[in-house]
Amino acid sequence: MKTKEKLIEQVQRLLEERSQKSLETAKKEILQEKRECKEINDAFMYYVRNWNDVVHPGLISIACEAVGGSADKAIPIQVVMLLLTAALDIHDDIIDESKTKYGKPTVFARFGKDIALLVGDAFLMKALVLLHKLEKQISTEKMDAIWDIINSRFFELGDAEAFEASLKGNIDSSPEECFQILKMKASTFEAHMRIGAIVGGGEQDIVDLLANYGRALGILISIREDFIDVFEPDELKNRVRNECLPLPILYAFKNPQTKKIILDYLSKREISDKDAERIVDIIFEEENVEMLRNEVKRLAEEAYNNISGIPNKSLVSRMKILIKGIVEDL
Amino acid sequence: MNQKHPSQEELMEQIQKILEERGRKALDMARKTVLDEEIECKEVREALKYFMTEYWHDVARPALLSLVCEAVGGDPDITTPIAIPLMLISGAIDIHDDIIDQSKIKGSRPTVLGKFGKDIALLVGDALLFKGFTLLHEAAEKGIPAEKVAVIIAIIKNTFFELGDAEALELQFRGRIDITPEEYLRVVRKKAADVEAHTRISAILGDGSKKEIEALGEYGRLLGMIIILRDDWIDIVDFEEIAHRIKRECLPLPLLYALQSPKTNSKLSSILFKKTITERDAKIILEVTDEAGGLRHVEQLMQEIARNARSFVKDLKKNRLGLQLLTEFCARLIPFSIREDVNADPIDLTINVSS
C-alpha cells in the first residue's frame, strides 16, 4: 500500500511541477475579462478556484522535453490547451448532466445550464484567441500543424460526445461501442502529446510515437475513471441516467445472469454505499471483466513500447511511472 | 435629366436584392466549408447540414461587410475570407442563445435545438465556433494582412465577451416585470455589439480612416439596436412569441414601457404571472400595451436611433444611401423618412445595385 501511494504521489508531483506556471497564467487570462453580470463572474471565480488540471499541461511539457525542447517553451500552448480543455469539460458536464466532479459541484450544478454554457463558451473563445496570438511566437509551419491537430481532434471529440449522447440511458449498449467512444475521447490526450512534441521541435516519427503514447494513456485514464465510478453511488446513478455505463459493468453484462443481478441494483431509486460495494464485488468476481483487464495490460505495453526509443531515459522512466500509477490497482 | 424615383416597395426590393447579391457568395462558401468537414456522427452531421442549408440564410451580415468595405473605398471582395468565419461564429452564438432561451421555433422553422435537442445543439454551436476560428487562421493566407487579422480577432473577442455578458444580464431579467426600459436598453446596446463588430471590421478591411472606422462602428451599434427593437415590436404582436418571451426570456420593450404606468402594471401583472398565456391573454397584453403607448414609444425610439445611425454615414464616399436605406429597411415599422435623401442622390443607389 505504501509503495502504491508513493507511485501516485510521484505521478502527481511530476505533473504538478510541469503545470503550475501555465495553470496560474490560464487563471489570470480568463479572469481578466471584464464582466458586468455578477452571477457569471461568480461562476468564473468558482471554476478557477477549483481548477487544478495538471494532467493536460503536464503531458504537453513532457512531450516537449522528450524531443529535446525546453519545458518553458511549451507554457503558452499549455495555457491555450488548458482553456480549451476546460471549455469542453464545462460543456460536457451540461450534456452529461454531471452534478459533481472530484467531490465538488460542477459549474452546471451550481449555476445551472445557461451560465455553464456561457462560461464554457468564454473559455473556448479565450483559448482560440490566445492560439491566434501564438502565431507571433511559433513558426507558420508549426502553427498550421497545431491548428490542424486541434481542429481534427476537436471534431473527433465532438463525434464521441454525440455518439455517447445517443447511447444515453441505454443499458444494452455493448462494451465495444463504449470502448470506441472512450478511444475517441482519448484523442485529446493524443493531441496534447503531439502538440507538445511539435512545439519542442520533434521529428515526425517521434511525434507520432509520443502521440500514440498519449492516446494509450488517455484510454487508460478513462478506464481508470470508469472503475472509480463503480465505487461511487452518486456517480454511478448519473452514469445510468445520463451517460454510458462504466466499462467494467458493461463487460460484466456479457454474462446474462450477472447483468440481471446488477440491473436489479441499478434500477433502484437510490443506490446505497452497500449496493455499490456489492456491485463492485460482483464485477471483480466476473470472468468477463478479465477481458478488460487484459486490454489494460495490452495498452500499457503499447504505451511503453512507443516511448522506448526516446533518448532521455530519465524522462522515459517517469513516463512509465505515469502509466504504472494509472493502471496499478485496476 | 428627369429620373423616375423608385417607390418605397421598389426600394425595399432593391435592398433585398443588394443583400442577396452581396451576401450570397459568402453564404454559399460558408455552407460548402462546413459541409466538407468530415464528421463521423450522423446526428451532428445532419444537424450541421440542416443549420447550414435549411435554417441559416444570413446574407445580411456578409452583405453589410461588403457594403461598408466599399463605402470606405475598399474592394468588397476582400471581405469574403473574413465574412465566412464571422458567419460561422455568429451562427454558433445564435444556436447557443437558442439553448439558453429554449427557442425551439424561429419564424416558421424549428431551430437546431427544436429539431435535434440540447446536446446536439451545444455540440454544433461549439463546432461552428471552432471552425470559424480555424478559418480566421487561414484568412492570412487568403490575402488579409496578419496585423489586420490580429485586430479583427481582438474585436471578435471583445464582442463575444460583451454578448456573453448581455446574455447573462438578460437571464436575470427573466420572469421579472420590474425591469426599467433604461436597464433593458443597456442590455440591448450590449447585444448590438455583434453588428458593430461587422461594420468596424469591414471598415478596417477597406482601409478606412480612423474617423470612418469609428463612425461606422457606431452606425453598426445603432443598426444592431434597431434590429433588436424591431424584433421586440414584432414579438409583442405575435401570440407564440409573446408567450415565449413571458415564460422564457425578458419582456419586450413595448411592454416594459407600458408597465411603467402603475395603472397598466396592475392590469397586466396578473396576466404576466399566469402559468399559461392564452391567445386571449396575448390579445389583452397587446391592447393594454398599445393603449399605454408602449408600441408608439418604441417606434419613436427606433426612429430616433435610425436618424442618429444615418448621421454617422452621411459623409461616406460611397454607399451612403445604401447604408441609410439598410437602416430604414431594418426599421421598416417606422414611417419612411429619407425620401429627401433619395431625391437628392438617386444615382448612388443605382450604382450600388449594379456593383
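Two residues are in contact if their C-beta atoms, placed from the backbone, lie within 7 Å. Helices are DSSP runs (H or I, at least four residues), numbered from the N terminus. The structure is a predicted model, in which local features need pLDDT of at least 70, side-chain atom pairs count only at pLDDT 80 or more, and totals for chains, interfaces and linings use all residues. Residues are numbered from 1 along each chain as its sequence is written, and chains are lettered from A and ligands numbered from 1 in the order in which they are written.

In chain B, B:Ile82, B:Ile89, B:Ile93, B:Asp97 and B:Ile100 of helix 4 meet B:Ile152, B:Ile156, B:Leu163 and B:Glu167 of helix 7. This contact holds 7 nonpolar, no polar and 2 charged residues. Here Ala, Val, Leu, Ile, Met, Phe, Trp, Tyr, Cys and Pro count as nonpolar, Asp, Glu, Lys and Arg as charged, and the others, Gly among them, as polar.

The contact between the chains draws 31 residues from chain A and 32 residues from chain B. On the chain A side, helix 3 (38–50), helix 5 (75–96), helix 6 (107–133) and helix 7 (140–166) each supply at least two residues. That side of chain A comprises 18 nonpolar, 5 polar and 8 charged residues.

Helix 9 of chain A (residues 187–199) has 13 residues. Helix 9 of chain A is mostly covered, with 13 of its 13 residues buried. A residue is buried if 20 or more other C-beta atoms, placed from the backbone, lie within 10 Å of its own. A:Gly201 follows helix 9 of chain A and has a positive phi, near 90 degrees.

Note on methods
The expected span of a helix is 1.5 Å times one less than its number of residues. A residue is buried if 20 or more other C-beta atoms lie within 10 Å of its own, exposed if 12 or fewer, and partly exposed in between; C-beta atoms are placed from the backbone.
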